[in-house]
Structure formats: C-alpha cells, structure tokens
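Please take the sequence and the three-dimensional model below together.

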Amino acid sequence: MSGWVRVARVTDLPPGRRCVADVDGVAVAVFNLGGDYCAIEDTCTHDGGELASGELQGEEIVCPRHGARFNLRSGAVTAPPAYSAVAVFPVRVASGWVEVRDDRWD
C-alpha cells in the first residue's frame, strides 16, 4: 500500500494550473480544476507520450502528440486515437499541501 506523497503546496497550484510529480516511481500529472484537484498518470495510453503539457479543455486534457483526449476525473478516453483509459489517483489536501497516492495495488 502506498502512502500519501506531497506534490505541491496549495498556493503553488492555483485553479487552471498543473504540475507533474513522482509518486512511488510513477509520473503523475495533478490538475487544479477550479479548486478541485485531479491526478492522472502522465502517460498517454495511445503511444506512451506525456500528457501534462497538453491543452486543458474544461475537464479534459488533449494529448500534445496525437490529440487523444482524456477526462481528468475518470481517466476515460473521450477522443481517439487512444482507446484505453489512463490511471487516476486519489488526491487530498492536508496541512496546505496537495497530496496524491497510488492505490492501484492496495
């Protein structure tokens, strides 16, 4: 079971911003969607490229390489060429920090 990992201070991740952090060896992209934090694995399921630098459109991230789209809350694919969802991770705010954990192996 993975513990919570601090990824950013709340003040450093205002609405509309994102960051990438290492969470137990996994690159995780964390987004602030109007005060709600979402975290996904920073790897496109289409070709393995990173996602965090893509265009943010509402609750979706557009892969900068080939345009696949993913919902940041569910990880679901919303537009091809990807067909598999990205992993999503639990996020919490504790003592002024945004924290993420990888719960896939719990």
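This is a predicted model: local features need pLDDT of at least 70, side-chain atom pairs count only at pLDDT 80 or more; totals for chains, interfaces and linings use all residues.

Residues are numbered from 1 along each chain as its sequence is written, and side-chain values use heavy atoms, with hydrogens and water left out.

Helices (H or I, at least four residues) and strands (E, at least two) are DSSP runs numbered from the N terminus. Three of the strands form an open, antiparallel sheet in the order S1-S11-S10; two strands are taken to pair if DSSP finds at least two bridges between them. Strand S1 (5-9) and strand S10 (91-94) each have a single partner strand, so one side of each is left without a neighbour in the sheet. From one strand to the next, the twist averages 35°; the axes are lines fitted to C-alpha atoms, for helices over the stretch in contact, and angles run from 0 to 180 degrees between N-to-C directions. In general, strands of a sheet pair through backbone hydrogen bonds.

The antiparallel strands S10 and S11 are joined by four bridges, and Arg92 stands opposite Glu99 in S11. The side chains of Arg92 and Glu99 also meet in a salt bridge of 2.7 Å, N to O, a salt bridge being a side-chain nitrogen of Lys or Arg within 4 Å of a carboxyl oxygen of Asp or Glu. Arg6 belongs with Arg92 and Glu99 to a network of salt bridges. Glu99 is buried at 7% relative accessibility, whereas Arg92 is partly exposed at 35%; buried means under 20% relative accessible area, exposed over 50%, and partly exposed in between (1.4 Å probe, protein chains only).

The whole structure holds eight salt bridges. One of them joins Arg104 and Glu41 (3.2 Å, N to O). This pair links distant parts of the chain, 63 residues apart: Arg104 lies in the segment after S11, and Glu41 in strand S4 (residues 36-41). Arg104 is partly exposed at 32%, and Glu41 is partly exposed at 22%.

Asp102 is found in the segment after strand S11 (97-100) and is buried, with a relative accessible area of 4%.
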